Amino acid sequence: MDQGDKAFRGNQVYEWLWQKSAHSFDVMTNLSKETRGLLREYFVINHIRVDQMQRSKDGTIKNAVRLHDGLVVESVLIPTANRTTACVSSQVGCSLDCKFCATARLKRMRNLNPDEIYDQVVAIDNESRLYFNRPLSNIVFMGMGEPLMNYNNVLKAIDKITSPAGLGMSSKRITVSTSGVPKIIKKMADDGVKFKLAVSLHSAIDEIRTSIMPFNATFTLTNLREALQYWYNRTKSRITYEYVVWEGINNTQRDVDALVDFCKFAPSKVNLIEYNPIDDGKFQQASKTALDRYVGTLEENGIVVTVRRSRGKDIDAACGQLANKH
Ligand code: SAH
C-alpha cells in the first residue's frame, strides 16, 4: 500500500482473501480500524454469493451462484462413498451450441474471472466439510461454459486451487472437459499442464457430430485427433472421451466402429454418460442393447469403458441440465 502501512499488513490481507475467502474488510480483525477503513475506501471485494442451494435425494447439492454483476452460474457438489467432487462453471452461458445441452440455450454472457471460478470451488469445499465432514477431493470443469474458450482464466483458477497458499489440491484430481478446441489443446500440452483432459466426443463421424455439435464444422474430427495425439505425445496423459448414446443418432454398429478407430489414435478411455433429457425433443437415451453393444465392442478392442450414472437429476443438477431454472 502506498498509504505508509507496514508490509506485513499486505500479507495479512492476502491471507484473509486467499485462505479465508473473506467477503468484507470488516472481518479482518487483526488489522486496525483505520487500516480497514482505508481498505474499504480504496478497494472492493468482488465476491460471489450462493443465492440458492438445492439438495437432491441422492445427496447432490446444486448452488445457484450470484456474481458481483448480478449474473448467475451453477455449480454442483457430487458426493460418493469416499469422494466429494465439485463440478464448476467457467462461463456465464456457453459459446457453443450443442443440441442436447440445456446450457446451450442460454446466451454466452461473459467469461468468469479466475476468482469467480476459484470461489465456486471454495464454496463447495465448505459445503463438503459441513455436510459430509470431509474436504473436497476432486474437481471437474463440467458445469456451464466451455473451459477452453476461457483458457487463461481457467488456468489461473487452477493455479490458485493447486497453490499451497490457495487450496493446495493436487492437479491430478482436476479434470477439464472440453468439446475440443484443437489449438488450445495443443497450447495446454505446451504449457505442461498436469490436470486431466476429457473430451466430449459423442460421435466419431464428422457429419453426425456436426449435426449435434455444430462447431465441429469448424473444428473437425481430423483437427481434433491431431491435437489429441499432440497432447498425448507431450503429456503422456490418457484422454477420457465422454459419450452419450442416443436412439437413432449414434446407436448403430458403424457408430461404435468409428469410436473404436478414434480411440486408437491416442491412449484413451471411454465414459458412457447417461442422457439427461432436457425436453421431449429428438434426443432419447438409446436402449440397453445399444449400450451393451458399445461396451462389448470397446472391451473386445481392449479399450477401457465405464458407464456413468447421472446424479442430481431431480434438481436439474446432472450433466447438461444446468440452465439457471430458478
Ligand atoms: N463444455 C464442456 C463442459 C460441458 S458439460 C464440454 O463440452 O465438455 C459436461 C458433459 O456433459 C459434456 O460431455 C457434455 O457433452 C455432456 N452433456 C451435455 N448435455 C447433456 C445431457 N443432456 N445429458 C448428458 N450429458 C450431457
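This is a predicted model: local features need pLDDT of at least 70, side-chain atom pairs count only at pLDDT 80 or more; totals for chains, interfaces and linings use all residues.
Biologist: Nice. How are α5 and α7 oriented, roughly parallel or roughly antiparallel?

Modeller: Helix α5 spans residues 182–191, and its axis lies 9 Å from that of α7. The two helices pack at an angle of about 5°. Angles under 35 degrees count as roughly parallel. That angle makes α5 and α7 roughly parallel.

Biologist: How many residues of each class make up the contact of α5 with α7?

Modeller: On the α5 side, the contact residues are P182, I185, K186, M188, A189 and D190. They meet N223, L224, E226, A227, L228, Y230, W231, R234 and T235 in α7. By class, the contact of α5 with α7 divides into nine nonpolar, two polar and four charged residues.

Biologist: Let's turn to another pair. How are α3 and α4 oriented, oblique or roughly parallel to each other?

Modeller: Helix α3 covers residues 114–132 and helix α4 covers residues 151–162. Their axes come within 8 Å and cross at roughly 45°. The crossing of α3 and α4 is right-handed. With that angle, α3 and α4 are therefore oblique.

Biologist: Which residues of α4 make the contact with α3?

Modeller: The contact of α3 with α4 has seven nonpolar, one polar and three charged residues. From α3 come P114, D115, I117, Y118 and V121. From α4 come N153, V154, K156, A157, K160 and I161.

Biologist: Which helix gives the most to the lining of the second largest pocket?

Modeller: This pocket holds about 300 Å³ of space. Among its 14 lining residues, the closest to the centre are L17, I45, D115, D119 and K160. Both α1 (7–18) and α3 supply at least two residues of the lining. With four residues, the helix that gives the most is α3.

Biologist: And how many residues in the lining of the second largest pocket are charged?

Modeller: The lining of the second largest pocket includes six nonpolar residues and five polar ones. The number of charged residues in that lining is three.

How values were computed:
Residues are numbered from 1 along each chain as its sequence is written. Side-chain values use heavy atoms; hydrogens and water are left out. Axes are lines fitted to C-alpha atoms, for helices over the stretch in contact, and angles run from 0 to 180 degrees between N-to-C directions. Angles under 35 degrees count as roughly parallel, over 145 as roughly antiparallel, 65 to 115 as roughly perpendicular and the rest as oblique. A crossing is left-handed if the near helix is turned anticlockwise from the far one by less than a right angle, and right-handed if clockwise. Contact means heavy atoms within 4.5 Å. Ala, Val, Leu, Ile, Met, Phe, Trp, Tyr, Cys and Pro count as nonpolar, Asp, Glu, Lys and Arg as charged, and the others, Gly among them, as polar. On a 1 Å grid over the protein atoms alone, a cavity is a set of points where a 1.4 Å probe fits but cannot get out, and a pocket is an open set with protein on both sides within 12 Å along at least five of seven lines; lining residues have an atom within 4 Å of a point. Grid points are joined across faces, edges and corners, and a volume is the space filled by probe spheres set on the points.
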